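Here's a quick tour of one model, written for someone who likes the cut-offs spelled out. Have a look at the structure first, then read on.

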Amino acid sequence: MTLNASDLGWDESSGADPFSFHDQLDRSSPYEVPPLTVWGVALCVSGTLITSENAIVVTTILATPSLRAPVFLLLASLGLADLLAGVALILRFLFLFCVEPSDWSELLTSGLLVTSLTASLCSLMGVALDRYLSLSHALTYGSSQSRRRAAVLLLLVWLGACVIGAGPVMGWHCLGEPNSCSVARPLTRTYLSLLCGGFLVVVVVTLQLYAGICRVARRHAHAIATQRHFLPSNQSYASKHSSGRGFSRLILVLSVFVGCWMPFSLWGLLGDASSPPLYTYATLVPAAGSSLLNPILYSLRNKDIRKVLLHACCPHRCTHNTHVHYPVDV
């Protein structure tokens with residue numbers, strides 16, 4: 001997916017895409033690598049950071065046999081999707097500033113980015129579903145049947161993401177018909193509208209799941225409150241403090257989730273090819289930036305994953321204790 005932004009000399013009114021240098025070149029003249037810009041550096045650095053941190057998360061989960069609860073399968077899927085998003089950004093940088101770009105390279109990076117963002121968003125919905133089920137069906141959470149269901153869900157998510165991401169490569173692009181282009185070249189307006197419409201549906205479903213989580217948590221809190229007069233005062237305070245901290249974390253997660261995904265989903269539906277390219281860049285950056293924030297907000301907040309990483313970095317400070325896994329903290 002072409003990032004429609006400007007470099008230091010770009011005129012917004014021209015409608016030109018500064019990341020599509022090959023459209024501006026004379027094919028009869030030898031190709032010259034364009035000078036590196038601030039946007040190019042940002043593309044390379046962000047892609048490297050996203051790839052590195054998500055590679056650490058995926059490797060940690062896959063290399064630790066004890067991390068096999070449904071929540072860890074979902075976090076591994078989320079990490080893999082975000083890792084692919086980082087790879088897509090790095091490939092975009094290489095095709096722009098290191099080797100001669102082509103229609104094939106543009107379609108490849110666009111398809112990979114669409115696949116990764118789709119899988120990432122659906123994995124986030126899966127994490128929300130896991131949190132809801134772990135609260136409403138606490139007795140059966142973590143069973144072998146739950147793991148099988150999570151594996152089947154992730155298989156369907158990735159099959160769907162790959163099919164959707166194959167659209168540009170299979171011919172659903174506007175390279176030969178500029179009039180059909182959307183705000184994110186080379187995707188057609190029809191393709192992007194369907195994609196962003198699907199994104200909005202997933203966002204709404206995820207928010208509904210978190211609303212369900214709040215309702216279940218409220219019932220649990222009410223049940224605890226009825227027994228609070230049986231608890232010592234220090235335990236009562238600890239319970240109240242833990243609930244307030246959990247609610248603050250939930251607000252943070254939802255704010256980042258909506259802030260990252262809602263702008264581009266709406267802009268993809270409302271904008272067209274004549275819209276200023278800078279607006280596309282301003283809405284697409286948060287969606288790609290979610291791949292940078294997801295490991296921090298989800299995986300690295302999990303106590304089991306943090307313990308494995310701490311043991312890998314400082315083995316003399318950690319001891320091996322067998323314990324039961326619990327879902328990601330709300």
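Leu 36, Val 41, Val 45 and Leu 49 make up a nonpolar patch on the surface, and together they have about 340 Å² of accessible area. Patch members need over 30% relative accessible area and no salt bridge, and nonpolar side chains (Val, Leu, Ile, Met, Phe, Trp, Tyr) are joined within 5 Å. A salt bridge here is a side-chain nitrogen of Lys or Arg within 4 Å of a carboxyl oxygen of Asp or Glu. Areas come from the Shrake-Rupley method with a 1.4 Å probe, and for residues only the protein chains shown count as cover.

Some ground rules: this is a predicted model, where local features need pLDDT of at least 70 and side-chain atom pairs count only at pLDDT 80 or more, while totals for chains, interfaces and linings use all residues. Residues are numbered from 1 along each chain as its sequence is written, and side-chain values use heavy atoms, with hydrogens and water left out.

| Residue | Helix | Relative accessibility |
|---|---|---|
| Val 45 | α1 (residues 38-62) | 45% |
| Tyr 132 | α3 (residues 103-136) | 27% |

Val 45 counts as partly exposed because its relative accessibility is 45%, and Tyr 132 lands in that class at 27%. The class sits between buried (under 20% relative accessible area) and exposed (over 50%), using a 1.4 Å probe and protein chains only.

What does Tyr 132 touch beyond its neighbours within four places in sequence? Its contacts (heavy atoms within 4.5 Å) are Leu 209, Gly 212, Ile 213 and Val 216. Gly 212 is 80 residues away from Tyr 132 in sequence, yet their C-alpha atoms are 6.8 Å apart. Across the protein, residues 24 or more positions apart account for 78% of the contacts with a separation of 6 or more.

As for the overall build, there are 8 helices and 0 strands; helices are DSSP runs of H or I with at least four residues, strands are E runs of at least two, and numbering starts at the N terminus. Of the 330 residues, 44% count as buried. The accessible surface comes to about 16,600 Å², with 67% of that belonging to carbon and sulfur atoms.

How values were computed
Patch = residues over 30% accessible without salt bridge, like charges linked within 9 Å, V, L, I, M, F, W, Y side chains within 5 Å.
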